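I opened the notebook to look up what surrounds the ligand. Then I turned to the domains and the aromatic rings.

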Amino acid sequence: MMTDSGALGRPTWVEVNLDCIASNVNLAKTIVGDRTRIMAVVKADAYGHGAVQTAQTALRHGASYLSVALVEEGVALREAGIRAPILVMGTSAAGLACDIVKHDLTATVVSYQSAVALSDAAIKHGRQVKVHVKVDTGMSRLGQPPEEALKLTRQIVNLPGVKVEGLYTHFPCADTDMQMTCRQLKEFRGLVLRARTEGVDVALCHAANSAALIRMPGARLDMVRLGIAMYGLSPLGTVPLGPEWKPALSFHTRVSFVKKVREGTCVGYGSRYITETDALIATLPVGYADGYSRSLSNKGEVLIQGRRYPVAGNICMDQLMIVGRSDDAIEVGDEAILIGSQNGDAIHAEDLARMAGTIAYETVCTIGKRVPRLYNGDAAHRCLNKVHDLPTYCV
Ligand SMILES: *Cc1c(COP(=O)(O)O)cnc(C)c1O
């Protein structure tokens, strides 16, 4: 819970509805059934939603594994008291092998040397370290091709202190290319079968991200890696998910200044917007340092009093301006929705992503650290005074 209301001196905040995350995990669980585990992907601070809160919610609602990109992300979850298994999906320097072992993280292995470093660390600490071997079936990012991955697996099953718990691969085009994804899946399943036939006891074989979990029942295997859909956002480019998936995040601010201007008034750095009529310019205390991308300059839209207003001119680091009609009744303190809904209209993260020329993943995970996250209608934001320079603290 956000209790430091002092952090809300500037009325720009994100609300995360953990009930939506719970509902999305439940839905995923219903889709995959009891024999397939759910790994909640909480890398990058849970795509900007807050890793600890998201992980705890996901674990309470059907997820039984977590994954992160970095060792330090895994350590932070352990330090928050989370005991569920955590897979580190990235590779890490050999020097971090001790941290992996000490914090009981599961490592991704892509080479014999990295497995040896983990084995050494495990022996040193008198522990066993779980590893998942990464197989490259077409992403060309991490992992060995199937044949080499099988060889690597055979080599490391005999390393002391190392338990090969999993084999996994990743789909680059599960949202766009079913043929390629099917070919990858077939190759991966073939590899799993061979490993198991040889007696290599790998408990968890996994391949599906959100897109494959939704579109390819055959890819669900022992576990699915549920990322973007857990947040209620679409893995399918600009195609939104059905209404059964609930977006958990909304992004808010309040108008900090309003003025009426004449036709021909220049707005912002570089004067990239010039009013064509007499107009109203409202300033919002949010900018690209908060993750409201500068590529939304002259493109973004916000909701105020249930109406859409366009961003005028270049977005600044900490502020932006929107333009309205000179008779609009916008006032200092009015709430502006950057992502979310207001009076029946909505700006989805996917919409904002499209305007910025990116994908919803980037739109949410780049929302800045200095934007406080409020959880489940946390009362604090309601205490933000309408006049932002007179904050009321009432937690
Ligand atoms: C981020 C990530 C995922 C989650 O993908 P979504 O599209 O967000 O579901 C799954 N697997 C790997 C290896 C990843 O890096």
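Entry 1, ligand shell. I noted at the outset that this is a predicted model. I sorted the residues of the shell around the ligand and got five nonpolar, four polar and three charged. I then listed the residues that surround the ligand: Val 41, Lys 43, Tyr 47, Met 89, Arg 141, His 170, Asn 209, Ser 210, Arg 225, Gly 227, Ile 228 and Tyr 361.

I looked up Ser 210 and found a side-chain N or O atom 2.5 Å from an oxygen atom of the ligand. For Arg 225, I found a polar side-chain atom 2.8 Å from a ligand nitrogen atom. Ile 228 uses its backbone: an N or O atom there lies 2.7 Å from an oxygen atom of the ligand. I also checked the ligand's cover. Alone, the ligand exposes 390 Å², and the protein buries 93% of that.

I found two aromatic pairs in the structure. Tyr 47 and Tyr 361 form a tilted pair, with 6.1 Å from centre to centre and 35 degrees between the planes. Tyr 47 sits in helix α2 (residues 43-47) and Tyr 361 in helix α11 (residues 360-365), so this pair ties together parts 314 residues apart in sequence. Tyr 47 is buried, at 7% relative accessibility. Tyr 361 is partly exposed, at 29%. Ring pairs link Tyr 47, Tyr 231 and Tyr 361 into a cluster.

I read the domain assignment: domain 1 spans 18-231 and domain 2 spans 249-347. Their C-alpha centres lie 42 Å apart.

Key:
Residues numbered from 1 in each chain as written. Predicted model: local features only at pLDDT ≥ 70, side-chain atom pairs only at ≥ 80, totals over all residues. Heavy atoms only, no water. Near = heavy atom within 4 Å. Polar contact = N/O pair within 3.5 Å; in protein donor to acceptor, adjacent residues only side chain to side chain. Areas by Shrake-Rupley, 256 points an atom, 1.4 Å probe, with all protein chains shown as cover. Nonpolar A, V, L, I, M, F, W, Y, C, P; charged D, E, K, R; others polar. Domains from an automatic or database assignment. Phe/Tyr/Trp six-rings, centres within 6.5 Å; stacked < 30°, edge-to-face > 60°. Helix = DSSP H or I, 4+ residues; strand = E, 2+ residues; numbered from the N terminus. Buried < 20%, exposed > 50% of the residue type's maximum accessible area, 1.4 Å probe, protein only.
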